[in-house]
Amino acid sequence: MSYRLGVDVGGTFTDLLLINEESGTTHTAKVPSTPEDSSIGVLNGIARICDESGINPAQVHRVMHGTTVATNAVLTGRGARVGLVTTAGYEHTLQVARSFCPGGLGGWVSFVKKPLLAPLELTIGASERIGADGKVVTELDEQQLRADLESLRARGGIEALTICFINAYINGEHERRAARIAGEIFGEVPISISSDVVPEMQEYERTETTVVNSYVRPEVAKYVHNLQQSLAEQLGPETQLSILRSDGGLASGRAASDSPVNLLMSGPAGGVAGAMYFCSRAGFNDILTFDMGGTSTDVALIQNGRARVRRETFVGDVKVRAPSVDVRTVGAGGGSIAFVPELTRALRVGPESAGAVPGPACYMKGGEEPTVCDANVVLGYLPSDVQLGGAMEINRDAAVAAVQKTADAMGIELEDAAEGIIKVVNEAMFGALRLVSVEQGYDPRDFALVGFGGAGPLHANALGILTDAWPVIVPPGPGVLCAYGDATTQVRDEATRTYITMAEDISTEQLLQDLLELQSRAGESLVADGIATDEHEVTFQADLRYAGQAFQITVEFTEDELRERGIARLTDEFDAEHEQLFTFKLGDGHEILMIRAVVKARARALAELTMGQAGTSLDDCKLHDTRFYYEGSYHDAIIYDRNKLHEGLEVPGPAIVSEMDSTTVVLPGHRARVDAVGNLLIEPAA
Amino acid sequence: MPATILQTNDQPLQTVAVEGVTVDIIENALRNAREEMDAVLFRTAMSPGIREQGDCFPMIANVEGKMVVGQFGSFIGPFLEVFDGEIEEGDMILTNDPYMCNAAVSHLPDWLVLKPVFKNGRHIAWTAMFGHMSDNGGMVPGSIPIEATTIYQEGIRIPPIKLYKKGELQADVLELILHNVRTQQWNRFDLNALVAACNTAARRVLELTERFSDDVLHTTMGIMLDRNKAAMTAIINMVVPEEPRYFEDYICDDGMGMGPYKIACKMWREGDKAIFDFEGTDPQAQSSVNFFLNEDMFKMFFGSFTINVVDPQIVFNDGFYDLVDVRIPAGTLLKPNFPAALSGRTHALGRIFDVLGALLGMGAPEQMLNAAGFSDSPHLFYSGYDQQGEWFQLFQIGFGGIPGRPVGDGPDGHSLWPGFTNVPNEFIESYFPLRIERYETIPDSGGAGLHRGGNGLSVAYRFLCDGEIGIHDERWLTYPWGVLGGETGMRSTKRLVRVDGSEEWLPAKVEGIKVKTGDLLYFNTWGGGGWGDPYARDPELVRADVERKLVTAEGARRYGVVIASDGSVDMAATESLRAELVAQRGEDLPTFNFGGDVESLRQRCEAETHMPAPVKPTFQKAR
């Protein structure tokens with residue numbers, strides 16, 4: 001027997017999923033996260049899951065892991081003390097940034113700039129200059145640099161060093177030389193250079209990205225090292241650890257430690273991967289996902305079974321140039337707080353959140369402000385009258401007291417206020433879903449909508465009505481879906497280079513040669529991790545735009561396609577997509593900005609698993625009678641046990657489907673059925 | 001003759017009952033639509049000015065032309081009054097002439113696109129957007145000729161015309177217009193992008209009517225306007241006193257040897273109504289520094305600066321316009337008579353914000369008064385033929401120090417304009433023949449204060465091709481003022497180091513300067529004024545600024561802080577220096593520190609700025 005383990009470390013809980021690679025049988029566990037050292041929580045979880053399932057730990061051969069270690073280091077400001085070496089004259093690149101003050105006209109009045117991740121007192125300038133054409137304008141003054149680095153080191157306490165020179169994206173020679181010198185002086189301190197981490201134009205973005213890489217590097221390296229060591233002890237030395245990257249690929253522990261900037265969206269990428277895993281097996285390849293947690297909701301668009309990847313990652317105020325699954329986040333979640341400004345008497349929900357502490361009022365942990373979760377309780381979507389397996393106890397009176405405050409401020413009835421809160425928060429999520437669909441030229445009606453995360457299944461049906469994306473899919477284990485994603489993705493790496501060439505000026509042969517060179521670079525890390533080249537799946541990408549445009553579109557293609565159709569393979573697709581997005585195309589003047597090779601390990605299929613208990617009737621699955629409030633009145637509803645539901649059964653709305661970690665609402669006029677892989681599919685009843 | 005709107009369906013929009021939550025939902029949806037307009041524009045525009053710097057302004061208005069979401073306020077009302085013609089479904093209006101739209105756009109390079117939105121033959125809303133084009137023809141590349149004395153010299157004037165007629169592009173007109181500009185391809189794309197943005201917003205408006213009905217949307221837009229009115233009524237009563245309050249400030253010169261020009265404004269309240277009276281503002285200038293100020297736009301500035309206090313999430317709009325009365329005398333710098341030149345209006349526009357900020361802040365300076373710094377929006381133009389013989393034309397907007405504010409220090413080298421960003425230097429270097437050798441903040445340029453003014457930027461441009469440059473800058477003579485005891489910020493300077501080693505200081509407003517390959521221009525922007533008593537600033541903060549090279553050890557003395565040779569604060573020396581400085585200064589801190597009156601600035605001008613003092617303006621009767 002061989003098992004693989006998916007582990008998702010979130011802010012509150014660590015979710016684990018153990019999959020038997022031959023039978024497809026799964027086991028799940030949820031244990032509290034241990035933020036001081038996340039690896040402890042992971043090991044606790046492994047002990048728990050092996051214990052409960054009776055599986056011998058030595059049979060777990062692969063551990064696949066999504067982590068927020070890097071994200072949290074950025075969000076909490078607890079990263080490394082980072083030193084920075086720039087080109088002389090550019091020491092203030094981070095201080096000035098893009099000169100942008102958020103907040104519209106007058107926004108500067110209240111804008112407060114966050115401290116730099118590489119402080120100015122730890123920044124030095126090197127005398128050197130590369131021109132925009134890549135030629136050396138001024139030689140690197142090594143002697144001066146050595147002296148300046150010595151005194152920088154003498155300041156003490158530098159835990160990671162960053163080197164970013166102007167125009168290094170086109171010629172990294174000076175950066176490499178500077179790194180060699182710094183290595184002699186700084187010894188063990190990890191050094192990140194911009195031409196390695198993100199060889200792309202734009203000095204601020206490249207500097208910030210490389211600095212963020214340094215900022216999270218010691219923390220991530222320590223974590224990965226500890227985890228790897230403990231896994232070896234607990235599961236055996238053969239266990240292979242892979243970490244999910246922001247772009248949805250997997251990296252080895254080593255690769256993750258060197259380029260942790262690529263892990264910032266590791267968590268959300270796992271959810272998207274999990275959703276794709278369940279939906280593609282059910283035949284849904286075009287889906288919109290929404291992952292609704294306590295403080296925020298992540299949404300993404302998946303077409304043809306592939307998530308869109310964008311070249312930027314946002315974490316809080318920090319924006320870096322690293323590829324990530326195109327997940328948009330809105331500050332609307334189950335814990336979002338509702339309030340009514342006195343003068344305008346408008347109903348606002350979020351972005352303030354009750355978080356885990358004090359939490360929504362209904363959990364009785366000290367929270368008193370009305371939250372989305374409390375509104376769900378008031379309306380009966382989150383029933384307080386049944387004990388849900390393992391879930392926290394819910395106090396309806398506390399929720400009512402909190403939401404009553406909103407009702408009073410607006411001068412309306414309790415239920416109407418609660419329903420108002422739900423509608424406003426749904427609208428915020430709808431806005432995010434539009435951002436990834438309508439605004440990118442996609443019609444949501446051509447997609448299915450997948451709701452997961454702690455609160456997603458509560459709101460999924462309502463969002464289906466807003467988006468008109470049917471069916472609405474609630475995959476199995478919506479609360480541990482990220483762990484499913486972690487366990488089911490492939491190892492992946494990529495190599496990129498800035499190209500800036502007009503399409504008409506380059507031959508197909510030259511382009512292909514350059515791409516093949518990138519391919520071998522990208523494949524190196526997979527080979528280093530024991531994945532032979534015949535196991536590699538390669539795709540090429542090019543970022544194109546019309547010369548002069550700021551916007552670029554990434555076109556994906558294979559070696560065969562390029563050989564067969566030449567450069568037109570790229571430009572035709574760009575024109576088509578540009579037209580879809582912006583209603584026009586030009587047909588010439590294409591500039592190739594960037595080229596890229598993406599190398600993945602070939603997927604290994606997992607066995608299928610059937611859900612539920614065949615032969616049971618709908619009545620057998622019934623837990624309880626209840627009622628909930630919807631569109632101005634109460635409706636009688638039945639609560640069903642999801643673990644018993646199986647293919648062929650159909651749940652008529654109004655109903656609530658309950659499982660260990662989540663609750664799905666089926667609204668009046670809708671029905672839910674279970675498909676072969678265990679998804680709940682909600683559709684209008686008519 | 002006002003415009004006639006042709007509808008095939010004349011049934012008027014009804015006001016219906018709309019529940020509060022629906023209003024909130026539509027409010028969010030309209031906000032998203034407006035943001036989407038920006039997104040569409042940035043992605044499809046081609047000139048660095050729009051796509052990298054974000055020099056553009058979107059709007060969605062109700063059927064009466066009142067802005068429901070947007071930024072700079074509606075101009076549709078005044079436009080409809082002067083547009084003599086019929087407007088029907090599928091039309092799109094284009095104009096750039098401030099004199100033909102009551103200054104909805106305030107100079108010719110801003111091209112404005114306006115689209116009436118129809119549904120089932122009935123007019124239901126408007127969408128509009130304007131953006132700054134890279135070139136508009138006329139005397140100089142970039143079309144902001146300093147020395148223009150009439151608008152005829154500032155390039156092609158487009159009266160309100162139909163760019164699209166019943167959905168069909170009027171290609172002849174477009175080609176005629178583009179034939180007159182130096183950057184045809186950029187303008188073509190940018191205009192296309194403005195059209196696409198308006199169409200996108202129109203589509204979103206239609207989707208909302210499909211989801212909620214025409215009447216619900218119409219009613220909601222009214223409610224959103226009312227919400228603003230209610231909020232602004234309270235704000236006006238809170239921040240505008242019945243007793244008149246007065247402030248004046250200056251733009252330094254007109255680029256043709258005269259200056260400074262005074263902008264004067266008096267503010268008071270009568271009942272719920274705020275009045276702003278610009279009586280006392282100097283007559284219009286001989287050159288292009290006039291700023292034709294649309295009264296509604298000024299109301300918008302006033303509203304944006306204050307409404308955040310009560311509901312930061314509100315979608316800000318025109319609803320409160322009746323509550324504000326703006327009086328601008330004709331023939332002045334702010335309402336020049338046709339055909340006065342207007343293109344260099346950015347200086348007076350920036351100064352309006354300093355004036356407004358001072359007027360509003362004076363009442364509660366500790367909470368609301370910012371120092372001066374919204375002083376400037378410097379431009380650099382560089383054009384010529386590159387080594388391949390191709391025409392190039394660079395337009396760069398510079399950034400300086402954000403002033404010290406009640407909330408804290410002003411950021412260094414940041415933008416006061418909404419949404420603006422700098423253009424990455426690597427981008428500029430790869431598309432234009434120049435190299436930016438240094439890009440750094442100027443130590444000590446921010447005014448000293450309890451809260452330090454932000455530092456200005458020093459940008460060193462090495463020209464790699466022979467060509468011509470033009471400069472538009474301000475606050476070179478008058479200071480970015482400090483408040484509540486804060487010091488003035490450093491003024492702007494421009495120094496050109498020739499390839500032969502000779503050096504010259506350049507005036508703040510100059511064009512047609514020939515540069516040679518290898519010449520180096522240091523473009524140094526202004527520092528923000530300081531806020532509050534510099535001697536009360538925590539010495540540790542001063543020390544940190546010194547360590548970060550944002551303040552020099554010598555500059556630390558302006559805070560009364562003595563830095564020892566090892567970089568630490570010499571506490572004993574600091575205390576005695578502060579005692580000495582406080583004794584010299586006295587305990588009373590002036591609300592404003594202008595760095596001297598206009599006369600003394602003029603006297604010190606040549607010695608301090610290397611430039612001859614501008615002469616006191618003499619005004620001829622316009623027209």
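Visitor: Which residues touch the most other members of the largest nonpolar core?
Guide: This is a predicted model, and what follows is computed from it. The largest nonpolar core has 350 residues. Those that touch the most other members are A:Leu288, A:Met429, B:Val113 and B:Met129.

Visitor: Which helix supplies the largest share of this core?
Guide: The share in question amounts to 13 residues. They belong to a helix of chain B that spans residues 184-212, namely helix 5.

Visitor: How many residues are in the other core, which lies apart from it?
Guide: Among the members of this other core are B:Ala448, B:Ala556, B:Tyr559 and B:Ile563. Its residues number 11.

Visitor: Where do the two chains touch, and which helix of chain A gives the largest share of its side?
Guide: The contact involves 53 residues of chain A and 62 residues of chain B. On the side of chain A, helix 3 (93-96), helix 7 (203-235) and helix 12 (414-436) each supply at least two residues. That side divides into 26 nonpolar, 17 polar and 10 charged residues. The largest share, seven residues, comes from helix 12 of chain A.

Visitor: Is B:Ala61 buried or exposed?
Guide: B:Ala61 lies in strand 2 of chain B, residues 56-62. Apart from its neighbours within four places in sequence, its contacts include B:Ile76, B:Trp126 and B:Ala128. A residue counts as buried when 20 or more other C-beta atoms lie within 10 Å of its own. B:Ala61 has 26 within 10 Å, so B:Ala61 is buried.

Visitor: What distance separates the C-alpha atoms of B:Ala61 and B:Ser74?
Guide: Along the chain, B:Ala61 and B:Ser74 are 13 residues apart.

Visitor: Which strands stand at the edges of the open sheet of six strands in chain A?
Guide: The order of the strands is 3-2-1-4-11-12, with mixed pairing.

Visitor: Which residue is the bridge partner of A:Arg4 in strand 4 of chain A?
Guide: Strand 1 (residues 3-9) and strand 4 (residues 60-66) of chain A run parallel and are joined by six bridges. The partner of A:Arg4 in strand 4 is A:Arg62.

Visitor: Which helix packs on this sheet?
Guide: The helix touches strand 1, strand 2 (13-20), strand 4 and strand 11 (240-244) of chain A. Its direction makes about 135° with that of strand 1 of chain A. It covers residues 481-488 of chain A and is helix 14.

Visitor: Why is strand 9 of chain A largely enclosed, and how many of its residues are buried?
Guide: Strand 9 of chain A has A:Ala160, A:Thr162 and A:Cys164 on one side and A:Leu161 and A:Ile163 on the other, all buried. Strand 9 is largely enclosed by the rest of the structure because the buried residues number five of the five.

Visitor: Which residue stands opposite A:Leu161 in strand 10 of chain A?
Guide: Strand 9 of chain A pairs in the parallel sense with strand 5 (residues 82-87) over five bridges. Three bridges join strand 9 to strand 10 (residues 191-193) of chain A, also parallel. In strand 10, the residue opposite A:Leu161 is A:Ile191.

Conventions: Residues numbered from 1 in each chain as written. Chains lettered and ligands numbered in written order. Predicted model: local features only at pLDDT ≥ 70, side-chain atom pairs only at ≥ 80, totals over all residues. Pairing = 2+ DSSP bridges. Helix = DSSP H or I, 4+ residues; strand = E, 2+ residues; numbered from the N terminus. Contact = placed C-beta atoms within 7 Å. Axes fitted to C-alpha atoms, helices over the stretch in contact; angles between N-to-C directions. Nonpolar A, V, L, I, M, F, W, Y, C, P; charged D, E, K, R; others polar. Core = buried A, V, L, I, M, F, W, Y, C linked by C-beta atoms within 7 Å. Buried ≥ 20, exposed ≤ 12 C-beta atoms within 10 Å, placed from the backbone.
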